[in-house]
Amino acid sequence: MNIFKSFRHWRENRRINKMGFTTEQWERAIADWPVMLRYQAAEREKLRSMAFRFIARKNFAGGSGFQFTDAMLLKIATMACVPILHLGLHWYDRWQTVIIYEGGFVPNRPYRTNDGIVHSESPHLSGEAWYRGPVILSWQAVTESGPHAYNGKASNVVIHELAHKLDMLRDGANGAPPMHPDMQPGEWHAIFTKAWNRLQHDFESYRELPINDYGLTSPAEFFAVCSETFFESPKYMQEHMPAVYRLLCQFYRQHPASATATIKEH
């Protein structure tokens, strides 16, 4: 560990000690999130440590005066760390701020609908990730996470927005995050494109989709929606999108469908 990393680690430890979070407090904060049943023993300890360090590294602010609690921070931080459990917190180094609203929020910018009309305000959002800017979350949306929380489809706004942040590390948000050395970008492109085209056809044919159809609005949203489904409903994704599931296992270095803990899905 070099001098800079040693100093950063020491400074983080001081901040964590000052925050005063306990293991019991963390366990209570994440107790109602079923995904945590998969993470036991060493992985659970690692997640707790990463969540504390995530809070120490990031700045948190309440949108429109929302007063968030320590329990909210701990839950959001844990959800944020699940995707990078075996990647490392440094994957989140390029941004600093998390803004938490109580409910849906309206961005202060024009919004163009599919019919080409530009409106003065955007619709209410549950989350947003800015390139090298903040992650914005609705606490209400966080509490609604689950394997079939969105019209029968998996939903997790934290994982969704953090997947955008990972995607942005390579050429912006385009559905192709940085590949590990043992992965092939060409295979990623081919498999995700094939899955995208198949689901587009199913959607146009009014067939039921295995993911939220919002994922069909762009390649970036496809990766983000597939990521939240991967963690919230992995067995369902493995059954209906096996090739995509396999690539996400390689990218996130996790195999959630094989976890020994049983979590009720679809």
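## The sheet

Four strands line up here as an open sheet, in the order E1-E2-E6-E5, and the pairing is mixed. Out at the edges sit strand E1 (59-62) and strand E5 (127-129), each of which pairs on one side only. Going from one strand to the next, the twist averages 15°. Keep in mind that this is a predicted model.

Now for the E1 end of the sheet. E1 and strand E2 (residues 97-101) run parallel, and four bridges join them.

Most residues other than glycine have a negative phi. Which residue in the loop between E5 and strand E6 (135-138) is worth a look here? That's Arg132: its phi is positive, at about 55°, although Arg132 is not a glycine. Arg132 is also exposed, with a relative accessible area of 54%; the cut-off for calling a residue exposed is over 50%.

Asp171 is another case, with a positive phi near 60° in a residue other than glycine. Where does Asp171 sit? You'll find Asp171 in the loop between helix H6 (157-167) and helix H7 (185-204). Is Asp171 buried or exposed? Asp171 counts as exposed, because its relative accessibility is 66%.

## Putting it together

Arg132 is in the loop between E5 and E6, while Asp171 is in the loop between H6 and H7.

Notes. Residues are numbered from 1 along each chain as its sequence is written. This is a predicted model: local features need pLDDT of at least 70, side-chain atom pairs count only at pLDDT 80 or more; totals for chains, interfaces and linings use all residues. Side-chain values use heavy atoms; hydrogens and water are left out. Two strands pair if DSSP finds at least two bridges between them. Helices (H or I, at least four residues) and strands (E, at least two) are DSSP runs, numbered from the N terminus. Axes are lines fitted to C-alpha atoms, for helices over the stretch in contact, and angles run from 0 to 180 degrees between N-to-C directions. Buried means under 20% relative accessible area, exposed over 50%, partly exposed in between (1.4 Å probe, protein chains only).
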